[in-house]
Amino acid sequence: MKKDYYEILGISKGASAEEIKKAYRKKAIEFHPDKNPGNKEAEENFKKAAEAYEVLSDPDKKARYDQYGHAAFEGNGGFGGGGMNMDDIFSQFGDIFGSAFGGGFGGFGGGFGGGGQRRMKGSNLRIKVKLTLEEIANGVEKKVKVKRKIQAPGVSYKTCGTCNGSGQVLRVTNTILGRMQTATTCPTCGGAGQSISSKPNNADAQGMILEDETVSIKIPAGVVNDMQLKVSGKGNDAPGNGVPGDLIVAIEEIEHEFLKREGENLHYDLYISVAEAALGVSKEIEAVGGKVRIKLEEGIQSGKILRLKGKGIPSLNSYGNGDLLVHINVWTPKTLNREQRQFFEKMLTDENFIPHPEKTDKSFFEKVKDMFS
């Protein structure tokens, strides 16, 4: 079971953005590879701290994590927070360390980045995946075709002569406070630290070509409309020795013909005749797992709501399923023939047909309140 992100950073759930940043900096410095050479446990703790910070420092991801926990980011390759490697960490959060490691955080020992050279990350790709209510209820694996930029076969790179492979250039400016030194992205290589020495004719200026790739995406049960999932490393490649970007998957829920979703609960409108309401009847209704047969008692009233436990959508947090709420609607015929009209005219004065609501019969507003409680 994955450890709680707040616990990893040693902070409370109500911690401010600045407290989250300070806590991450402290943990990352403690477990930094340069301070713990060859220590695999420290490396894992370093990655866990970065993963926790990636989620908790982003207001949108933090809100999803607070609501759904780790389940909000489950899936192929680690959605949202999981699956981070060292290159991801240093490319995203290197500036948070300031001068803690010799004024630069592009290098992290000889085993990861290669002699202090900063590795560039490719751009992310975004796609939208449409899911039926049945697919959302059960979870599904989707195969999608993605057009990615990859390094062209035969392309070769050399160390950038402007930045000497660091991806940054130092600029010194004179101010009223004295001389100030700032680091900016290298204008020659765009931060990659490398430039192309040779490339095939079909490659672009960065040595890339477009290629179709089929990507398998495991989508957990219970996802919601507009939720974004991340497939690590399935975005565009980066030039030289960079790391690929990610594939961002936006969920679009296809509206069901009969069922309406409200969080983990489902709603179904069942229409019955006056005769069926008076006599009671057995009815077959729609549910995400197939049709379900329910029995309506004699004298059932329009507006009554029947709750079928566990027939809704699974919780992302694995807290079980929601319910299926069946709304009873008694259908009144708009036209009557002569015989039918005579029958109902007689019933106008029949004591049994005069409304006598009992105290146990809830009002419309009470039923609405119960639905959301």
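**Close-up views of a predicted model**

View 1. His267 has its place in strand β11, which covers residues 265-273; helices (H or I, at least four residues) and strands (E, at least two) are DSSP runs, numbered from the N terminus. The model is a predicted one, in which local features need pLDDT of at least 70 and side-chain atom pairs count only at pLDDT 80 or more, while totals for chains, interfaces and linings use all residues. Residues are numbered from 1 along each chain as its sequence is written, and side-chain values use heavy atoms, with hydrogens and water left out. Because its relative accessible area is 12%, His267 counts as buried (under 20%, whereas exposed means over 50% and partly exposed lies in between, with a 1.4 Å probe and protein chains only). The side chain of His267 also makes a polar contact with the side chain of Glu262, at 2.6 Å (a pair of N or O atoms within 3.5 Å; within protein, one must be able to donate a hydrogen and the other to accept it, and residues adjacent in sequence count only if both atoms are side-chain atoms).

**View 2. An open sheet of three strands.** The strands of this sheet follow the order β1-β9-β8, with mixed pairing, where two strands pair if DSSP finds at least two bridges between them. At the edges stand β1 (125-131) and β8 (228-231), each of which pairs on one side only. Strand β9 (residues 247-253) runs parallel to β1, and seven bridges join the two. Within this pairing, Arg126 stands opposite Ile248 in β9.

**View 3. Phe353 in a loop.** Phe353 is found in the loop between α8 (338-347) and α9 (364-371), and it is partly exposed, with a relative accessible area of 44%.
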